[in-house]
Amino acid sequence: MRIKFAVAGLTAMLLAAGAVQAQDFKPRLVRFGYGLVEDSNQGRAVRMFAKEVEKASGGKMKVRAIGNASLGSDTQMQQALIGGAQEMMVGSTATLVGLSPEMAIWDTPFLFANTKEADAVLDGPVGEKVKATLEPKGMVGLVYWENGFRNLTNNKRPITKLEDLQDVKLRVMQNNVFLDSFKTLGANAVPLPFSELFTALETKAVDGQENPFNTVLSSKFYEVQKYLTVSNHVYSPWIVTVSKKWWDTLSPAEKKVLQDAAIKSREFERKDTREEAAKALAEIKTKGMQVNELPAAEASRMRDKLGAVNAGIAKSVGQGTWDSVQTAVKQARAK
Ligand code: TK8
């Protein structure tokens, strides 16, 4: 009798353990930092990832989601990942260009016409190749998330034509492609970390900025910005990264939990971001911003002018990467 019960008990225990083999997981604390506020598409996806990792590791791996740039700006968090002082982060690929010049490929103005093209190229072989350039720099890239198509906001005037950008003091992300692009368009481009942006707008240290609708809403830029111009001038990816130093200490099972959860979070994040973006413009208007569409003819004038920065991007990323991205975009467009 006793033996029978003991065997039954043991079987139940094994079943409860399920696919999760306890010995494959150590207690781990994962500090996952991000720049936006908690109530944002970024925050929602980090929390979704956190839940998924805890569940899949049988509660062994605990992810602490730390938003609002509380752990530092994108570039500061990158340094913490490289040094092993922080385990994970998500941020703009644009802020990684200083470490990995290939990342500049995603800053090519008007590269993608829609999110279908972005998904196909980012998740395809070229996207993987660019992501892999982070490893020798001390970071492991897991997946790309959607930040989204960027649009202009400012306090000076509605941007209805190229010339309206003249002398607008515009905050840009800290990399040369963004700096050159907006200088080329005639703006007075000022590189600043995102974590300093709201205050810079509020104190009028800068006149404007550019980010997707979702961020204009979640970061409450409508409180300090008057005009929004729908320009869709570039698609911005976010990238989820892990400290390589820490990654190398993980078991294969632990790595798999992070990779699988990252893929699930990518699906969740893109869907959530797109749903929010679709409703965002109407909400931005109710918040009092004056919205205008950049006329197609003006968008193509901008595109022509920005052609001048493409040569610089090709040089930064290497002609091979430039060409394979162009080919991948064409293939996605033809589908
Ligand atoms: C958040 C940033 C942000 C980006 C920017 O940390 O800097 O404007 O669009 O999303 O990565």
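Biologist: What mean pLDDT does the protein have, and what are the ipTM and pTM of the complex?

Modeller: The model is predicted. The mean pLDDT of the protein is 95, and 94% of its residues reach 70 or more. For the complex, the predictor gives an ipTM of 0.99 and a pTM of 0.93.

Biologist: In what order do the five strands of the open sheet lie?

Modeller: In general, strands of a sheet pair through backbone hydrogen bonds, in a parallel or an antiparallel sense. Here, the five strands follow the order 2-1-3-10-4, with mixed pairing. Strand 2 (61-66) and strand 4 are the edge strands, each pairing on one side only. From one strand to the next, the twist averages 20°.

Biologist: In which sense do strand 4 and strand 10 pair, and over how many bridges?

Modeller: Strand 4 and strand 10 are antiparallel, with nine bridges.

Biologist: Which residues of helix 3 are buried?

Modeller: In helix 3 (residues 74-83), the buried residues are Asp74, Met77, Gln78, Ala80 and Leu81.

Biologist: Why do they lie on the same side of helix 3?

Modeller: They lie on the same side because they cover an arc of only 160° around the axis. The buried residues of helix 3 pack against strand 1 (28-34), strand 3 (88-92), strand 4 (139-149), strand 10 (235-243) and helix 9 (244-247). Gly84 follows helix 3 and has a positive phi, near 85°.

Biologist: How many residues does the largest nonpolar core have, and which have the most contacts inside it?

Modeller: This core has 46 residues, and Phe32, Phe49, Met88, Leu142, Trp145 and Leu258 have the most contacts inside it. Its largest share, seven residues, comes from helix 10 (residues 252-286).

Biologist: Which residues does Met88 touch, leaving out those up to four places away in sequence?

Modeller: With those left out, Met88 touches Val30, Arg31, Phe32, Gly33, Phe49, Leu81, Leu142, Val240, Thr241, Val242 and Leu258. One of these, Leu81, is also among the buried residues of helix 3.

Terms used
Residues are numbered from 1 along each chain as its sequence is written. This is a predicted model: local features need pLDDT of at least 70, side-chain atom pairs count only at pLDDT 80 or more; totals for chains, interfaces and linings use all residues. Side-chain values use heavy atoms; hydrogens and water are left out. Buried means under 20% relative accessible area, exposed over 50%, partly exposed in between (1.4 Å probe, protein chains only). Helices (H or I, at least four residues) and strands (E, at least two) are DSSP runs, numbered from the N terminus. The arc is that of the directions from the helix axis to the C-beta atoms. Contact means heavy atoms within 4.5 Å. pLDDT is the predictor's confidence in each residue, from 0 to 100. Two strands pair if DSSP finds at least two bridges between them. Axes are lines fitted to C-alpha atoms, for helices over the stretch in contact, and angles run from 0 to 180 degrees between N-to-C directions. A nonpolar core is a set of buried Ala, Val, Leu, Ile, Met, Phe, Trp, Tyr and Cys residues joined through side-chain atoms within 4.5 Å.
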